[in-house]
Amino acid sequence: LLMLAKIYTKERNYSAAERYYRKAIRINPDYYKAHFSLGVLLMKTDLNKARLSLQKAADIKDDYYNAHETLGIVNMQLKNYDNAIENFIKTIDILGEKSKKRYKSLYLLADIYNTKKKYKIAKDYALLAVDIKENGGPANYHLGVAYKNLGDKGRAKSAFERASKDKDWRASAKYELELMKKKKKKN
């Protein structure tokens, strides 16, 4: 049933995919992968239902870092920042200090703390992410935002320049660099 659901998901027949994920769960309510896959599917249509499915996956298999990280992303989208922080910290704890897979949770923590205007904490998480992936666009972008708001324009500029090398972050990073240039001209 889970395989059928995955096939329907790949074919973009989401209603059939959801139906088969739910059938798999009815047969085995403790099948965390079915709850997780259903949660990921529901992220397209209903974040609150997605959150419930992902939470169920995490409850069933507490060391399943994908469930915690994805749940953190959903909580971010729902603006449940404190819950998202817990989810990302749990992900990092499960993965351990040496894992490069922590990268996404680290830069998303930096994003949240920038949103909360806690720039020192954001900087610390972004630096941990940059240690894993030196030229990673998202980590450098959020590092740049933190440095900019901490008043360290030189480091902010360097971080934004590194972020601008990533095609997915280029526009945002270049926008920040332009803002910094304009502000410098005014002063």
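Visitor: Where do Glu161 and Lys157 lie, and how many residues apart are they?

Guide: Both Glu161 and Lys157 sit in helix 10 (residues 153-163), four residues apart, which is about one turn of the helix; helices here are DSSP runs of H or I with at least four residues, numbered from the N terminus. This is a predicted model, in which local features need pLDDT of at least 70 and side-chain atom pairs count only at pLDDT 80 or more, while totals for chains, interfaces and linings use all residues. Residues are numbered from 1 along each chain as its sequence is written, and side-chain values use heavy atoms, with hydrogens and water left out.

Visitor: What do Glu161 and Lys157 form?

Guide: They form a salt bridge, with the closest N and O atoms 3.6 Å apart; the term means a side-chain nitrogen of Lys or Arg within 4 Å of a carboxyl oxygen of Asp or Glu.

Visitor: And how exposed is Glu161?

Guide: Glu161 is partly exposed, at a relative accessible area of 35%, and Lys157 is partly exposed too, at 43%; buried means under 20%, exposed over 50%, and partly exposed in between, using a 1.4 Å probe and protein chains only.

Visitor: Changing topic, how many salt bridges does the structure hold?

Guide: The structure holds eleven salt bridges.

Visitor: Which residue does Asp82 meet in a salt bridge?

Guide: The side chain of Asp82 meets that of Lys116, at 2.6 Å from N to O. This pair links distant parts of the chain, since Asp82 belongs to helix 6 (residues 81-95) and Lys116 to the loop between helix 7 (103-115) and helix 8 (119-132), 34 residues apart.

Key: Helices (H or I, at least four residues) and strands (E, at least two) are DSSP runs, numbered from the N terminus.
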